[in-house]
Amino acid sequence: MSIIKSHNITLYGGNDINIVLRPLCDGHLALLYKWCADPEVLYWTEGGTNDADLSYGADTVHKIYGGVSQNAFCFLVEADGVPIGECWLQKMNLPYVNAMYPEALDVRRIDMSIGEKSYWNKGIGTQFIGMMIDFAFYGENVDVLHCFCEDYNVRSRRMWEKHGFARILEEPLEPQPQKGKWQYHYRLTRQDFARRRRVKVPTEKQFTLPVSGLQPSQLWISEGKLRLVREWFDPNDKDSGNFDPIPVKRFNGKVLMTDGHTRAVAAYLAGWDSVPVYWDEDELDMRAYAMDVKWCDEEAVRSPIDLAGRIVPHKDYERLWRKRCMEMVL
């Protein structure tokens with residue numbers, strides 16, 4: 001009988017390195033034993049007393065991961081193919097936190113650990129936590145992420161704040177010799193997550209183009225991303241600036257969308273013939289976009305109209321598109 005309850009979701013991302021989050025399973029227990037036996041790793045991942053000799057044995061590891069995985073998506077973190085840590089998206093397990101919210105809300109928490117110390121202080125945790133946040137809201141349609149860290153863990157505090165979490169509670173810890181004196185509660189709602197991804201461009205820089213004249217640079221649309229766009233998109237409100245314009249560049253005689261594919265599809269499905277756009281002035285790797293356009297040509301994806309027939313669940317979007325982009329060879 002398995003100790004860790006696994007799943008079938010893999011997430012892909014990273015900036016300067018490739019990060020893959022794979023389903024955690026019993027085959028990874030040797031790594032968990034190693035990381036959970038290291039007091040220096042546990043110093044940053046575990047609260048409680050400041051015990052320099054803290055170490056968890058196999059039974060404790062089984063209890064932790066066997067228990068959490070029953071109500072969580074647990075992942076092994078790989079950086080450029082090297083296993084470096086683990087993280088999970090868990091249904092909120094603290095009754096007093098659940099009591100802060102209406103019963104109908106889906107409230108979850110994210111926890112993480114980088115067990116390979118040579119990968120500390122490289123910004124990798126911030127990157128894969130961003131992937132987990134995307135999965136929570138796009139893939140699982142979570143209402144609230146409610147996460148924790150203690151006051152001594154400054155890196156963790158900065159990470160949550162960088163991702164837009166608000167510190168909503170400072171909870172005093174028991175008066176005993178320990179690392180932290182306060183536990184901080186951080187919250188990010190689905191509405192705040194969607195709001196942070198909105199695009200604001202001065203009206204004078206915007207103009208309109210036909211939907212049919214926009215060349216995509218991706219092959220698939222995430223159903224979860226489309227759902228969040230529809231939470232703020234009003235198809236009857238074309239003139240108020242409510243729609244986030246699409247960034248475009250001229251490329252090989254085409255008007256290329258560099259982003260904004262999901263909202264372009266949302267507009268088309270709502271019956272819009274044209275959408276607001278603006279010239280993307282960022283320096284981009286056009287070699288990658290050239291490959292994207294080649295793929296689109298090969299599969300007859302020549303406008304958002306074609307993408308409207310390629311809407312897939314977010315877990316499939318990760319596999320079909322993000323994985324393909326990660327493996328792109330220029």
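Reader: What makes helix α5 a helix that lies across strands such as β5?
Author: In this predicted model, helix α5 (residues 124-139) lies across β1, β2, β3, β4, β5, β6 and β8. Contact means heavy atoms within 4.5 Å, and helices (H or I, at least four residues) and strands (E, at least two) are DSSP runs, numbered from the N terminus. Helix α5 runs at about 155 degrees to β5; axes are lines fitted to C-alpha atoms, for helices over the stretch in contact, and angles run from 0 to 180 degrees between N-to-C directions.

Reader: How do you know that β2 and β3 pair?
Author: Two strands pair if DSSP finds at least two bridges between them. Strand β2 (residues 19-23) and strand β3 (residues 72-79) have 5 bridges, in the antiparallel sense. Val20 has Glu78 in β3 as its bridge partner.

Reader: Why do β1 and β7 stand at the edges?
Author: The order of the open sheet is β1-β2-β3-β4-β5-β6-β8-β7, with mixed pairing. Both β1 and β7 have a single partner strand, so one side of each is left without a neighbour in the sheet.

Reader: Why is Leu169 called partly exposed?
Author: Buried means under 20% relative accessible area and exposed over 50%, with partly exposed in between (1.4 Å probe, protein chains only). Leu169 has 31%, so the term is partly exposed. This residue, Leu169, lies in strand β7 (residues 166-172).

Reader: What do the numbering and the values rest on?
Author: Residues are numbered from 1 along each chain as its sequence is written, and side-chain values use heavy atoms, without hydrogens and water. Local features need pLDDT of at least 70, side-chain atom pairs count only at pLDDT 80 or more, and totals for chains, interfaces and linings use all residues.
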